[in-house]
Amino acid sequence: MADTPAIRKCETCSRELQHIKGITVINPAGNEESFCYYYCENDNVYYVEVFEDPFLADSVFTSFQKIDSDKAKSDIKLINTCPDNQNKFCNCPVHRSAHRFG
Ligand SMILES: [Zn+2]
Ligand SMILES: [Zn+2]
């Protein structure tokens, strides 16, 4: 899921955003959730795209919004410590922690 990053544009300057990194986790509700981080060099703004695949529903919820830079940087730093970002069953400290991305 979310292997191919979507092309997203900056809400402020409409430039194409740089796809930084993503991670797929199981959230506390037991649903699969993917977070993709994007960055606008022009405005120095971070965005996060969230996909949630609810266990008991057929629809996938998606959201795309600006995120606080410090939060984005700390999330990306954590993602960089995981050896297998898209594996929701990964057993690394980040995946085992209850860290809330996005
Ligand atoms: Zn921009
Ligand atoms: Zn991991």
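**The whole chain**

Begin with the entire chain in view. The C-alpha trace spans about 35 × 30 × 20 Å along its principal axes. A compact globule of 102 residues would have a radius of gyration near 13 Å, and the chain, at 13 Å, agrees with that expectation. Of the 102 residues, 22% count as buried. Among contacts with a separation of 6 or more, 41% are between residues 24 or more positions apart.

Next, colour the chain by pLDDT. The mean is 91, and 95% of the residues reach 70 or more. Where pLDDT is low, the predicted coordinates should not be read in detail. Among the elements, helix H1 (residues 69-81) has the highest mean pLDDT, 97, whereas strand E4 (residues 61-67) has the lowest, 93.

**The sheet**

Select the four strands together. They form an open sheet in the order E1-E2-E3-E4, with antiparallel pairing. E1 and E4 stand at the edges; each has a single partner strand, so one side of each is left without a neighbour in the sheet. From one strand to the next, the twist averages 15°. Strands of a sheet pair through backbone hydrogen bonds, either parallel or antiparallel.

The sheet may now be followed pair by pair:

- E1 and E2 run antiparallel and are joined by eight bridges. To locate one of them, select threonine 24, whose bridge partner in E2 is serine 34.
- E2 and E3 pair in the antiparallel sense over nine bridges. Here cysteine 40 has valine 45 in E3 as its bridge partner.
- E3 and E4 pair in the antiparallel sense over seven bridges.

**The turns and two residues with positive phi**

Move to the connection between E1 and E2. These strands form a hairpin with five residues between them, and glycine 30 in the turn has a positive phi of about 90°. The hairpin of E2 and E3 has four residues between the strands. Asparagine 44 is found in this loop between E2 and E3. Its phi is positive, about 55°, although it is not a glycine. Most residues other than glycine have a negative phi. Is asparagine 44 buried or exposed? Asparagine 44 is exposed, because there are 8 other C-beta atoms within 10 Å, and a residue with 12 or fewer counts as exposed.

Then select serine 14, which lies in the segment before E1. Serine 14 is not a glycine either, yet it has a positive phi of about 60°. With 10 other C-beta atoms within 10 Å, serine 14 is exposed.

**The nonpolar core**

Select Phe35, Tyr37, Tyr38, Tyr46, Tyr47 and Val48. These residues have the most contacts inside the largest nonpolar core, which has 15 residues. Strand E1 (18-26), strand E2 (32-40) and strand E3 (45-53) each supply at least two residues of this core. Which strand gives the largest share? The largest share, six residues, comes from E2.

Now centre the view on tyrosine 38. Apart from neighbours within four places in sequence, tyrosine 38 is in contact with Arg8, Leu17, Gln18, His19, Ile20, Tyr46, Tyr47 and Glu49.

Finish at helix H2 (residues 93-96), where proline 93 is placed. Proline 93 counts as exposed, with 11 C-beta neighbours inside 10 Å. Show cysteine 82 as well: the C-alpha atoms of proline 93 and cysteine 82 are separated by 7.7 Å, and the two residues are eleven residues apart along the chain.

Notes: Residues numbered from 1 in each chain as written. Chains lettered and ligands numbered in written order. Predicted model: local features only at pLDDT ≥ 70, side-chain atom pairs only at ≥ 80, totals over all residues. Rg over C-alpha atoms; globule rule 2.2 N^0.38 Å. Buried ≥ 20, exposed ≤ 12 C-beta atoms within 10 Å, placed from the backbone. Contact = placed C-beta atoms within 7 Å. Core = buried A, V, L, I, M, F, W, Y, C linked by C-beta atoms within 7 Å. pLDDT = per-residue confidence, 0-100. Pairing = 2+ DSSP bridges. Axes fitted to C-alpha atoms, helices over the stretch in contact; angles between N-to-C directions.
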